[in-house]
Amino acid sequence: MNQTPVYTPIPMTMTTDGATAAYKIPGQGIIASSSSSSSSRRALSRCLLCATRAGAWVSRRRYELAPLGGTSALTVLGLAQDGTSPALAYGTLAALSGAGAVAGLKHKNQLVTHVGAAGFIALADVTTAVAAGFSWPTATAWALATGAAYGVYGPWLATQRNARMKLHVDTVKAKGAVPEALGLEAADPGLTGASPEETALRRGFHALTGAVPFAVHAFHRGPDGSWSCILKTPPGRNTAPALLVKRAGQLQANMGVPGRLTLAEGPEANDLIVKVAMSDTLASTIAVTDTGVITCREPVMLGRDEDGETFLLRLLYRHTLVAGASDWGKSGIVNLILKRLNRCEDVDLYGVDMKPGQPELGPWRGRMKALAGNAVQARELLEFIRAECDRRGAILSELSKQAMAEGRGPVRKWVPGEHGTAIFVVTDELAELVRQDDDLAKLYESLLAIARFLAIQFVSATQQPSRKVFGGSTDARGNYANRLSTRAGEAGHAPLIFGQGCQTRGWRPELLDLPGKFLAQTPEHDTPRVYRAEYVSDTDIADEVGFFYSEIKDTEPQPALTDEPWVEAFAPLRFPDGSTVGRDQWPDLYRVFAGLGGGATKKELAQACRVSRDTAMRAIDEWTQRGVVSQRDGRSTRYYLPKETP
Ligand SMILES: Nc1ncnc2c1ncn2[C@@H]1O[C@H](COP(=O)(O)OP(=O)(O)OP(=O)(O)O)[C@@H](O)[C@H]1O
Ligand SMILES: [Mg+2]
């Protein structure tokens, strides 16, 4: 019979003779599997470990183990001695100690009682050990002595521990109380300044941020009691000057000093300029000045802030909202904007003023391309703007194509002065426009959304910045990148103008106290500062309008790209009667029709435009009311533009 061979694994490394199968670790000799010296070393190290642990435990519990240690030591001492005479001697001493304890009790002397009792217990233990040697009575005496020692020592130890704990708690409590007793400065150094104002500032700042100012310097006091300084803000999460500037209202409330506090960022990253004004530098009317700016590509100057800094407003590619209650200077700001734009050579002005007789924008009529005074005119104007958007869009797209063909980037923006003029549509009382025609609000809003990059901007003034005024949509207000507000009638208007939660950040138009003062939120101005607009009086307007009828200025329009012949192709389509072709009047078909030259029958038009004959018929019916003429041509009717009539 054939036996299957048993498989034997081969060890990985073997000694040369193969006698032992132990694996060899490279670099080491073969470890012997057992040897008596190594086992005793291991036992020794284990003992050492146990001893260390026991030692650590004993040292940790040293206070608890002290009585046990004491009685055990005495017992061992007693066991070491032998004989009757030492036993008698210890016994006598024990009896004397006991007597001392009794005497102490009798005379109510605690110390004598305690010492006597302790001595009696200890000596009785020793006496027993000496007399009885290694025996049960000795063990019993030891146990009794130990028990008695713990009976006294235990409560004492507990009292000591409680006292130590109490000391700990008292220390912690005292840490708060001590600086209070010594004055605030000891607890939070840096809260007292060199003057009452500085102290108020330091404390107000601490209350606001929880941090102490790094330094306060350049303190200056003016003759009227106004003061200013630079506060170096400390490192922290909420101490950046840019953030603090928005919390000026809260800081002033914390400080509780008279005057009006304003904050500004200083020259260095951690500089906060603090100013408290006792008098209003904007109290007097600012007369209108000439800035000499003649292009809308530059910002317009509207007024000044408390430090006399000019307020510049960029109007190009942005819509501007001017809000505010009646008689606080909205129209004043609108007039100022108009005055500035009037000087710009690259601007066409349009106006919407729905108040009967156009009291607000009427004076500017001579300088405007059109001024709409009622809902019908407003719709015409907005529809014209809509068509102009299409035209400008088409020109830009053609320009883009040309630019790309020449290897340059696309043309995305209509540049006034280069491509043509910028258009500004100024509306005084937007709410009135909405009230008179609901649909206009929607048209207005859609224009706001698409017109900006075509250099068509809206400047809208409104008394009631309600949701409805912005077209009823959730955030049409977002279309206005520039938002100005003169005094608001109600605190509730502020969020409608400057956004939710603006009041806590200091946007409080209801606190403005003089006409012409305004707050402005624009990409360049995102902190609530009070400005005052230059005041354009009626005579200023008359001068301004008259300016362009005098000889001083040559109003010859500047050559622009739109004057080039090819741009003609983008001119609005017109019917023979002169009216423009509306969106619902088949402009695409009309373009083809006008291009056919010799006119067309309904059938021919339908074929040329690939539409149904029905559609062609409806289009032609509409067009015939606008000056397209017809003539019989055999059995069918042929339609012509009048100039093409054979
Ligand atoms: N910048 C200014 N500086 C000083 N006073 C001004 C300024 N602007 C306006 N005023 C004063 O405030 C008055 C009212 O201004 P304005 O007509 O502009 O208010 P409004 O907000 O347009 O009012 P309404 O809503 O009734 O049209 C002006 O007659 C003028 O006396
Ligand atoms: Mg007004």
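1. Starting with the helix pairs: α2 passes α4 in a right-handed crossing (left-handed if the near helix is turned anticlockwise from the far one by less than a right angle, right-handed if clockwise). Their axes come within 7 Å and cross at roughly 35°, with α2 covering residues 62-80 and α4 residues 110-132. Axes here are lines fitted to C-alpha atoms, for helices over the stretch in contact, and angles run from 0 to 180 degrees between N-to-C directions. On the α2 side you'll find Thr71, Leu74, Thr75, Leu77, Gly78 and Leu79, meeting Ala122, Asp125, Val126, Ala129 and Val130 in α4 (contact: C-beta atoms, placed from the backbone, within 7 Å). The residues of this α2 with α4 contact divide into seven nonpolar, three polar and one charged. Ala, Val, Leu, Ile, Met, Phe, Trp, Tyr, Cys and Pro count as nonpolar, Asp, Glu, Lys and Arg as charged, and the others, Gly among them, as polar.

2. Some housekeeping. This is a predicted model: local features need pLDDT of at least 70, side-chain atom pairs count only at pLDDT 80 or more, and totals for chains, interfaces and linings use all residues. Residues are numbered from 1 along each chain as its sequence is written, while chains are lettered from A and ligands numbered from 1 in the order in which they are written.

3. The overall picture: the protein has 18 helices and 18 strands (DSSP runs numbered from the N terminus, H or I with at least four residues for helices, E with at least two for strands). Of its 646 residues, 29% count as buried. Buried is 20 or more other C-beta atoms, placed from the backbone, within 10 Å of a residue's own; exposed is 12 or fewer, and partly exposed lies in between. Among contacts with a separation of 6 or more, 60% come from residues 24 or more positions apart.

4. Back to α4, which also packs against α3 (residues 84-106), at an angle of about 160° with the axes 7 Å apart. The two helices are therefore roughly antiparallel (over 145 degrees; under 35 is roughly parallel, 65 to 115 roughly perpendicular and the rest oblique). α3 passes α4 in a left-handed crossing. The residues of this α3 with α4 contact divide into 16 nonpolar, nine polar and no charged.

5. For another geometry, look at α17 (residues 602-609) and α18 (residues 613-624), whose axes come within 8 Å and cross at roughly 115°. They are therefore roughly perpendicular to each other. α17 passes α18 in a right-handed crossing. Lys602, Lys603, Leu605, Ala606 and Cys609 of α17 make the contact with Arg613, Ala616, Met617 and Ile620 of α18. By class, that gives six nonpolar, no polar and three charged residues.

6. Now ligand 1. Of the 15 residues around it, Gly329, Lys330, Ser331, Gly332 and Gly516 come nearest (near: C-beta atom, placed from the backbone, within 6 Å). α10 (330-342) and β15 (531-535) each supply at least two residues of the shell, and the largest share, three residues, comes from α10. The shell divides into four nonpolar, nine polar and two charged residues.

7. Two single residues to check. His419 sits in the loop between α11 (375-405) and β11 (422-428), and is buried because 21 other C-beta atoms lie within 10 Å. Its C-alpha atom is 9.7 Å from that of Leu399, 20 residues apart along the chain. Gly393 is in helix α11; with 16 C-beta neighbours inside 10 Å, Gly393 counts as partly exposed.

How values were computed
Two residues are in contact if their C-beta atoms, placed from the backbone, lie within 7 Å.
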